Amino acid sequence: MTGLSIENISMRFDLPNGSHVQALKDVSLHLNPGELLSVLGPSGCGKTTLLNIVAGFLAPTGGRIVLNGHAVRGPDAERGMVFQQGALFEWMNVRDNVSFGPRMAGRRAADYGQEVDHLLDVVGLRDFKEKAIYELSGGMQQRVALARCLANDPDVILMDEPLGALDALTREKMQGLVLKLWKETGKTIILITHSVEEALLLGERLLVMAPRPGRIHTEYRLPFADMGVGQDLREVKKHPEFGQRREEILGMIWDMEEEIMGRAEEAGA
Ligand SMILES: Nc1ncnc2c1ncn2[C@@H]1O[C@H](COP(=O)(O)OP(=O)(O)OP(=O)(O)O)[C@@H](O)[C@H]1O
Ligand SMILES: [Mg+2]
């Protein structure tokens with residue numbers, strides 16, 4: 001079967017004091033090629049753990065990940081990761097950062113040079129190819145991170161709060177860029193965010209996770225990502241269904257947070 005299957009994934013961390021944390025329990029989901037999934041949920045519900053398992057950085061204690069028919073056993077260029085910040089090579093210029101993957105794969109500069117230049121054009125960094133990373137703004141750095149990920153031509157792109165450190169205006173522009181890249185490249189994308197609006201805007205599918213143990217709470221299929229491809233994102237947010245969903249999901253997460261706080265108080269009493 002093509003696509004990404006998350007099959008009954010469980011993750012239990014055993015702690016040095018003898019106790020354990022059930023970070024994920026029986027999480028199952030299938031993504032078809034080209035689907036964009038956003039993931040929301042209270043802090044500690046296992047979002048990063050799930051992404052790390054899909055990336056192959058962590059081996060789950062139960063279940064498996066299958067991509068295009070083969071089981072995932074470790075990191076591979078077929079699954080690219082974009083982190084919140086700070087994962088660029090500070091000592092290399094922009095072009096060298098973006099061409100890192102193809103270089104490591106043993107390809108020749110004459111072969112990948114045009115692709116890398118094209119990617120830098122797509123993310124709007126044509127005039128910054130020779131710049132050092134520290135000379136760039138946070139938004140520009142995240143565009144380099146996106147281009148560097150795409151240069152490996154992964155089947156799946158995994159993003160953990162990729163826009164979380166950006167100011168509101170830059171963030172909105174980057175949301176538009178993510179949608180554009182999604183449509184143009186046809187990649188499968190999983191994007192974790194703490195912003196309900198961002199999850200609604202970017203997720204053609206949206207997963208709300210619940211904590212203790214980390215699991216799928218509710219899944220939505222939404223029209224807003226498609227709307228946002230050809231339209232100003234601010235217009236999309238004015239859609240009546242958008243406001244309705246935002247309130248519904250905010251309420252859902254709020255209730256979960258309340259429950260966690262309540263339990264913490266009980267445990268402390
Ligand atoms: N290496 C580890 N060892 C022990 N516990 C861990 C480890 N990694 C994660 N956990 C625990 O697993 C749970 C899920 O953590 P995770 O980082 O996946 O949450 P998250 O949903 O990404 O949270 P946030 O929104 O704050 O980023 C938490 O209770 C966390 O303390
Ligand atoms: Mg996290």
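The model is predicted, so local features need pLDDT of at least 70 and side-chain atom pairs count only at pLDDT 80 or more, while totals for chains, interfaces and linings use all residues. Residues are numbered from 1 along each chain as its sequence is written, chains are lettered from A and ligands numbered from 1 in the order in which they are written, and side-chain values use heavy atoms, with hydrogens and water left out.

The residues around ligand 1 are Phe13, Leu15, Val21, Ala23, Ser43, Gly44, Cys45, Gly46, Lys47, Thr48, Thr49 and His194; a residue belongs here if one of its heavy atoms lies within 4 Å of the ligand. By type, this shell divides into five nonpolar, six polar and one charged. In that count Ala, Val, Leu, Ile, Met, Phe, Trp, Tyr, Cys and Pro are nonpolar, Asp, Glu, Lys and Arg are charged, and the others, Gly among them, are polar. Strand 2 (20–31) and helix 1 (47–55) each supply at least two residues of the shell, and the largest share, three residues, comes from helix 1. Helices (H or I, at least four residues) and strands (E, at least two) are DSSP runs, numbered from the N terminus.

Which N or O atoms meet the oxygen atoms of ligand 1? An oxygen atom of ligand 1 is 2.5 Å from an N or O atom in the side chain of Thr49, and one is 2.8 Å from such an atom in the side chain of His194. At Gly46, a polar backbone atom is 3.0 Å from an oxygen atom of ligand 1. The protein covers 60% of the 640 Å² of accessible area that ligand 1 has on its own, by the Shrake-Rupley method with a 1.4 Å probe.

Staying with helix 1, we find that eight of its nine residues are buried, meaning under 20% relative accessible area, with exposed over 50% and partly exposed in between (1.4 Å probe, protein chains only). Lys47 and Thr49 are among the buried residues. Just after helix 1, Gly56 takes a positive phi of about 90 degrees.

Now for the interior. In soluble globular proteins, nonpolar side chains tend to be buried together. A nonpolar core here is a set of buried Ala, Val, Leu, Ile, Met, Phe, Trp, Tyr and Cys residues joined through side-chain atoms within 4.5 Å. The largest has 54 residues, of which Val144, Leu146, Met159, Leu200, Leu206, Val208 and Ile249 touch the most other members. Helix 5 (residues 138–151) gives the largest share of this core, eight residues. A second, separate core of 27 residues includes Ile9, Leu31, Leu50 and Ile65.

Finally, two residues deserve a look. Glu198 sits in helix 7 (residues 196–202) and counts as buried because its relative accessibility is 1%. Its side chain makes a polar contact with the side chain of Arg171 (2.7 Å) and another with that of Thr193 (3.0 Å). A polar contact is a pair of N or O atoms within 3.5 Å; within protein, one must be able to donate a hydrogen and the other to accept it, and residues adjacent in sequence count only if both atoms are side-chain atoms. Phe100, in helix 3 (residues 100–104), counts as partly exposed because its relative accessibility is 25%. Not counting residues up to four places away in sequence, Phe100 touches Phe89 and Met92, with contact meaning heavy atoms within 4.5 Å.
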